[in-house]
Every structure is written in C-alpha cells, then in structure tokens.
Amino acid sequence: MNRIKNWFSLLPIRTRITLVTSTIIIIAILTGSALLIKNVYQALEEEQGNRVLAIGRTIAQLETIKDYIGKPNGWKKIQPIAERVRLATNVDYVVIFDMKRIRYSHPIEAKIGTVFQGGDEGPALGQQEYMSLAKGVGGIAIRSFVPIMDHEGEKQIGVVVVGTILPTVYQLIFEHKWDLILSITLGVVVGLFGAWLLTNSIKRQIFNLEPVEIARLLEERESIINTIDEGIIAIDQNKKIKVMNERAAQIIGTNQNVIGHTIEEVIPNTKLPMVMESKKPQLRQMMVLNKTIVMVNRLPIIVKNKTVGAVATFQDRTEIVSLAEELTGIRKFSDVLRAQNHEFMNKFHTIAGLIQLKRYDDALNLIMNYTEEKEELSRFLMERIKDTSISGLILGKISHAKELGVDLIVDRQSYLSHLPSFLSTHDIILIIGNLLENAIDATIEKKEQPKLVQLRIETTPTQLIISVKDNGIGVPEELKEKIFEMGYTTKKGKGQGIGLTLVLQHVKAYQGDIEVMTNIEKGTNVIVSIPLKEN
C-alpha cells in the first residue's frame with residue numbers, strides 16, 4: 001500500500017488529477033447505475049404486484065368460479081378458465097383452492113386436488129387481500145392472494161392465487177448492458193476531457209509548479225518568516241489573520257493557533273483594517289502590545305491593483321533602543337561637546353585678549369565667573385535631575401541654545417527622581433530633546449530680544465510633567481493639531497516633520513497627554529504629562 005502511495009505521489013499533478021477524476025466518474029456511473037437498477041427493480045416489483053392483484057380480483061368475481069368451487073369435479077370447469085386467463089395475461093401460474101386448501105386449478109394438472117401448502121395463505125382464508133414474495137425453483141415470485149366470496153358476498157368460499165416470476169438483477173443488467181457500456185464510455189471520455197481542462201487551469205494558477213514544489217516553497221517561506229526577528233502579521237479582506245510568525249506571537253503573548261481569527265480578537269487596538277481600506281501605509285508608528293512598546297509599519301497588500309489584505313511588521317522598542325543607543329549617545333554627546341567647544345573657544349579668545357591687554361584682573365574674574373556658573377549649573381542638574389543621561393541632554397541643549405543666541409533656563413523647582421522601570425530613559429530624552437529643539441527654533445525666528453526658552457520637569461506621586469515654554473513666534477490656532485502630523489514642518493527645508501510626531505507617539509504609548517497653549521508672536525507652552533504607574 002505504501003509503495004502504491006509513493007508511486008502515486010511521484011506522478012505529475014496532471015496525471016494524478018486525470019486518474020482520480022476518471023476513477024471518480026466510473027465509480028459515480030456504476031453507483032448511479034446500481035441505484036437506477038434497484039429503482040427499476042422496485043418499480044417492476046410494484047407493477048407486477050399490482051398486475052397479479054388485478055388479475056386475481058377479476059378471477060375471484062367470475063360466476064363460474066363461484067359456482068363450481070367446493071363441488072366435486074368442480075376443477076373441470078375451473079381449470080380451463082384459470083389456464084386461459086394465465087396464458088392471456090402471461091403470468092406464471094393461477095391457483096384456485098377452496099376453504100380446505102384443495103386446489104381446483106394449477107399449471108401442472110397433476111397437482112389439482114392436492115392441498116395448497118404455500119405457508120403464507122393463512123390471512124387469505126380470513127378474507128384478507130394481499131401480496132407476498134415466494135422463492136421457488138424458477139426464482140422469486142410475487143403472488144397475490146384474493147378471497148373468493150359467494151354470490152351474496154357474505155361467505156368466503158375459496159382463494160385465488162396469481163403469481164409471476166420476477167427477473168433477477170443480473171437479468172436486468174444483461175438486458176441493459178449496452179446502455180451501461182455506452183454511459184460508462186461517454187462518462188470516461190467526458191471525464192478525461194474535463195480533467196485535461198481542469199489540470200491546465202490549475203497548472204496556470206499555480207505557475208506550472210508541482211505540489212511537491214509548492215510544499216517546499218511553503219516550508220521555506222514559513223522558515224524564513226519565523227527566522228525574521230521582527231513580528232509579522234498579515235490579514236485578508238475579511239480581517240482574518242492569515243500569517244503570524246513566532247516573533248509576533250511572542251510579542252503579543254499568544255500562540256499561532258489564532259490563524260483564522262479576526263485581527264480585532266487578537267489585537268483590539270489594531271489599525272490594519274484602516275490601512276487596508278485606505279490603501280495608505282503607516283510607517284514608524286508606536287503602539288503598545290501586551291504591555292510592550294513596539295514600533296510598527298503597516299502596509300496594504302495589493303495584487304493586480306486590488307487590495308487583498310494588509311501586513312504589519314513590528315519590533316520591540318527596547319530592542320531597537322539597545323541597538324541604536326550607542327549611535328544616539330554618540331550624537332547626543334557630540335552635540336554637547338561641539339557646543340561646549342565653541343563656547344570654550346569664545347571664552348578662551350576673550351581671556352587671551354584680556355591677557356594681551358594686561359587686564360589680568362578682568363581675565364581672572366571672567367575665568368572665575370565662568371567656572372562658577374558651570375559648576376553651579378552642573379551641581380543643580382546633578383541634585384535635581386537624577387538621571388545623568390537627561391542631565392547631559394539638558395546641559396548640551398543649554399550650550400547649544402546659547403550658541404544660537406537663546407537663553408535656555410531650567411526652572412529651579414524642577415525635580416526628577418529615578419524613572420520607573422517601565423519608562424525608558426531614551427523615550428524621555430526623545431520627548432525633552434524634540435520639545436526643546438522646536439522651542440529653540442521657534443525662538444530664533446523671533447526678531448525681538450530677549451529670546452527665552454524655559455524648561456520645567458517635575459514629578460508628582462502620579463505623574464511626570466514636562467513643560468517647555470518659549471517666547472517665540474507661536475503657532476496659529478488652526479495649526480495646533482497639525483503640528484503633530486507626520487511630515488508637517490514650519491522650518492523651511494531644515495526639518496523633516498517627524499520630531500513632534502515621535503513625541504506624540506511616545507506620549508500616547510505611555511497613556512499620557514499633551515497640552516499646547518500658544519499665541520501668535522507671544523510664544524508657545526507645551527505641557528506633557530505621563531502617568532508614573534503602569535496601566
């Protein structure tokens with residue numbers, strides 16, 4: 001059996017479909033023929049039964065039969081009548097017997113006068129009319145039993161039995177053999193032609209690949225998808241999950257048995273259906289999955305200009321941060337060093353000039369004041385802002401702002417203790433850095449002096465509050481919401497329009513809020529509040 005299976009599996013799909021189709025058609029025709037013969041046999045049995053019953057009723061009503069049954073030598077009158085009826089109606093036998101079961105007619109005259117012993121005549125002697133099947137030498141016969149009543153119809157005086165031999169199933173098959181052969185031949189021919197059309201259509205649809213090749217490609221695809229370190233989820237037009245790799249299941253905290261479920265059942269806050277309907281991709285979006293902040297890319301799946309689904313790829317933000325932290329750290333401290341270097345060079349040149357002018361006291365005072373200012377600022381940040389990475393960012397932004405002619409002031413009431421474990425330092429740096437950068441840019445564009453940016457960071461028992469206030473050009477009221485849209489910028493070629501979008505995404509990922517208060521030519525105040533307890 002296994003050898004046959006292996007042999008069959010090695011055949012081309014066209015050959016297999018042809019063989020299977022032809023076999024199914026032959027089986028279907030044979031099954032249909034068998035059912036047809038069965039129905040024909042049942043119909044024939046019913047027809048012959050009704051016929052012998054009608055003949056029996058006719059004989060039972062003959063006056064001669066009623067007159068001579070039960071009388072000595074009555075068979076001499078009854079036998080000729082019974083035989084004429086038998087021959088005229090082409091039945092196999094007509095038997096008439098009285099109430100003592102003595103035969104008065106029979107196809108074999110030697111049996112006339114003998115006792116009827118069919119075994120199923122009992123009810124007929126009780127004035128019942130019926131049909132029965134009996135197996136004899138010639139085959140299965142269907143017989144009718146009809147009571148013979150006297151002229152007044154009050155007393156039963158005998159019984160008429162009319163029987164005919166039914167043809168066998170084999171006889172019916174032999175009789176219709178050419179019809180069966182013709183139907184099987186036509187069925188096979190039509191089946192082979194249909195199988196040929198079907199296999200050609202299937203081969204075109206599967207790019208002329210064999211099932212073994214398709215299975216291998218599917219296995220390779222599954223292996224590749226599960227090897228990718230990013231989560232992948234794809235849905236079809238009915239919003240049902242069609243693909244989910246192991247990494248996606250791990251991040252979401254489920255198993256891959258959700259294939260076939262709707263995406264909303266697995267990810268309630270998904271936006272994949274929206275992407276599928278709008279046909280517009282959403283790139284670098286932030287969201288929370290199973291208490292994990294992930295960066296998501298969502299794209300529609302378009303085949304032959306028709307949207308057939310959508311796919312999302314996402315990765316744990318902590319992993320992205322761990323990979324990018326080194327680079328972002330270098331960039332952050334590079335900005336700090338560059339700004340401080342520029343500031344030191346300006347101070348150095350000033351001190352060198354004072355020394356050349358022999359104004360040693362002024363040079364010494366400048367050195368002492370600058371040193372005291374830096375030490376005081378560093379001491380303040382170390383005492384009030386416990387996270388050194390955030391302190392370093394603020395220090396660098398102060399130097400950078402001063403280089404651009406902007407005073408960046410840190411509110412003396414600011415205070416930040418160590419962040420809870422679920423809050424990423426990198427995310428807070430991103431929020432503060434982008435808010436300060438936008439405030440500085442808005443202030444630079446203002447012509448009047450002074451140019452101020454104020455930063456306040458405070459923590460309450462329930463919230464982290466970050467306030468960045470500037471006296472820059474402000475934002476028109478109708479653009480307050482638009483400034484957070486991806487790609488929107490007012491920096492005239494300098495910006496990419498992603499800074500505030502990232503801020504909004506990170507704040508929303510932590511279930512926080514952003515409030516923007518602005519006034520044209522008077523400045524803007526952006527207040528971010530983030531819960532300090534994980535939801």
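**Entry: helix 14 against helix 15**

I began with the place where D427, L430, I431, N434, L435 and N438 in helix 14 meet G499, L500, L502, V503, H506 and V507 in helix 15. Here contact means heavy atoms within 4.5 Å. Helices (H or I, at least four residues) and strands (E, at least two) are DSSP runs, numbered from the N terminus. By class, this contact of helix 14 with helix 15 has seven nonpolar, four polar and one charged residues. For the classes, Ala, Val, Leu, Ile, Met, Phe, Trp, Tyr, Cys and Pro count as nonpolar; Asp, Glu, Lys and Arg count as charged; the others, Gly among them, count as polar.

I noted the ground rules next. This is a predicted model, where local features need pLDDT of at least 70 and side-chain atom pairs count only at pLDDT 80 or more, while totals for chains, interfaces and linings use all residues. Residues are numbered from 1 along each chain as its sequence is written, and side-chain values use heavy atoms, with hydrogens and water left out.

I then checked the geometry. Helix 14 covers residues 425-444 and helix 15 covers residues 499-509. They pack at an angle of about 145°, and their axes are 9 Å apart. Axes are lines fitted to C-alpha atoms, for helices over the stretch in contact; angles run from 0 to 180 degrees between N-to-C directions. Helix 14 passes helix 15 in a left-handed crossing. A crossing is left-handed if the near helix is turned anticlockwise from the far one by less than a right angle, and right-handed if clockwise.

I kept one rule about helices beside this. An α-helix has 3.6 residues a turn, so residues three or four places apart point the same way.

I looked at the length of helix 14. Its 20 residues reach 28 Å from first C-alpha to last, close to the 28 Å expected at 1.5 Å a residue. The expected span is 1.5 Å times one less than the number of residues.

Why do I call helix 14 largely enclosed by the rest of the structure? Because 15 of its 20 residues are buried. Buried means under 20% relative accessible area, exposed over 50%, and partly exposed in between (1.4 Å probe, protein chains only).

S424 caps the N-terminal end of helix 14, with a side-chain oxygen 3.3 Å from the backbone nitrogen of H426.

Helix 15 is mostly covered, with nine of its eleven residues buried. Among them are L500, L502, V503, H506 and V507. Q511 follows helix 15, and its phi is positive, near 60°.

**Entry: L404**

I moved to the loop between helix 13 (388-403) and strand 11 (407-410), where L404 sits. L404 counts as partly exposed, at 36% relative accessibility. Which residues does L404 contact, leaving aside its neighbours within four places in sequence? I found I440 and I444. L404 and I444 are 40 residues apart in sequence, yet 7.4 Å apart in space, C-alpha to C-alpha.

I found D236 in strand 6 (residues 231-236). Is D236 buried or exposed? D236 is buried, at 14% relative accessibility. Its side chain reaches the backbone nitrogen of K240 at 2.9 Å.

I233 is buried, with a relative accessible area of 1%. Beyond four places in sequence, its contacts include I241, V243, A248, I263, V311 and F314. I233 and A248 are 15 residues apart in sequence and 6.9 Å apart in space, C-alpha to C-alpha.

K239 is in the loop between strand 6 and strand 7 (241-244). K239 is not a glycine, but has a positive phi of about 65°. K239 is partly exposed, with a relative accessible area of 29%.

Most residues other than glycine have a negative phi, and most peptide bonds are trans. I checked N90, where phi is near 60°. N90 is in the loop between helix 4 (75-89) and strand 1 (93-98). The peptide bond from Q449 to P450 is cis, with omega near 0°. P450 is in the loop between helix 14 and strand 12 (452-459).

**Entry: the whole protein**

I ended with totals. The protein has 15 helices and 15 strands. Of its 535 residues, 40% are buried.

Definitions and conventions. Polar contact = N/O pair within 3.5 Å; in protein donor to acceptor, adjacent residues only side chain to side chain.
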